[in-house]
Amino acid sequence: MSNYGHATAPDGTQVELGAVGQEVVFENDQVRVWEITLEPGERQPWHHHLNPYLVIALEAADNRIDALSGGDPRLVHEAVGGVVYREPGEVHMLTNHGTSRYRSRLIELKCLGENLVAGQGDR
């Protein structure tokens, strides 16, 4: 796994972070689009979003989102064609806890995240 940094769990252990998706299918100065496919029981490793992002479900599934900081997991049903907008936030892990394959496109808005921080987001 490529190193996307580390985070500290509540018990003090260091956790290696992974990518927010499995494959970049498009990228330019403004956006980065990831493909995510999870079979039942599979998970996307601990990761942290540095950019605001949209998730568009291409194949529906019941997913579980666990935060590294702890607390109750969030259970979400992602319907085909559903679109979710999220701000950057906590380190978390996504698990397909349903019985069907989950597939989505995750669109990072670099123009509102990493490029703004770097001073490159101005038009």
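Where is the place of Asp 66? Asp 66 lies in strand S7, residues 61-67; strands are DSSP runs (E, at least two residues) numbered from the N terminus. The model is predicted, so local features need pLDDT of at least 70, side-chain atom pairs count only at pLDDT 80 or more, and totals for chains, interfaces and linings use all residues. Residues are numbered from 1 along each chain as its sequence is written, and side-chain values use heavy atoms, with hydrogens and water left out.

With 15% relative accessibility, Asp 66 counts as buried, a word that here means under 20% relative accessible area (1.4 Å probe, protein chains only). The side chain of Asp 66 makes a polar contact of 2.8 Å with that of Arg 64; such a contact is a pair of N or O atoms within 3.5 Å, where one must be able to donate a hydrogen and the other to accept it, and residues adjacent in sequence count only if both atoms are side-chain atoms. Leaving aside residues up to four places away in sequence, Asp 66 touches Trp 46, Pro 73, Val 91, His 92 and Met 93, with contact meaning heavy atoms within 4.5 Å.

Now to the sheet around this strand. Four strands form an open sheet in the order S5-S10-S7-S8, with antiparallel pairing; two strands pair if DSSP finds at least two bridges between them. Strands S5 (43-47) and S8 (74-78) stand at the edges, each with a single partner strand, so one side of each has no neighbour in the sheet. The antiparallel strands S7 and S8 are joined by five bridges, and Ile 65 stands opposite Arg 74 in S8.

Conventions:
Buried means under 20% relative accessible area, exposed over 50%, partly exposed in between (1.4 Å probe, protein chains only).
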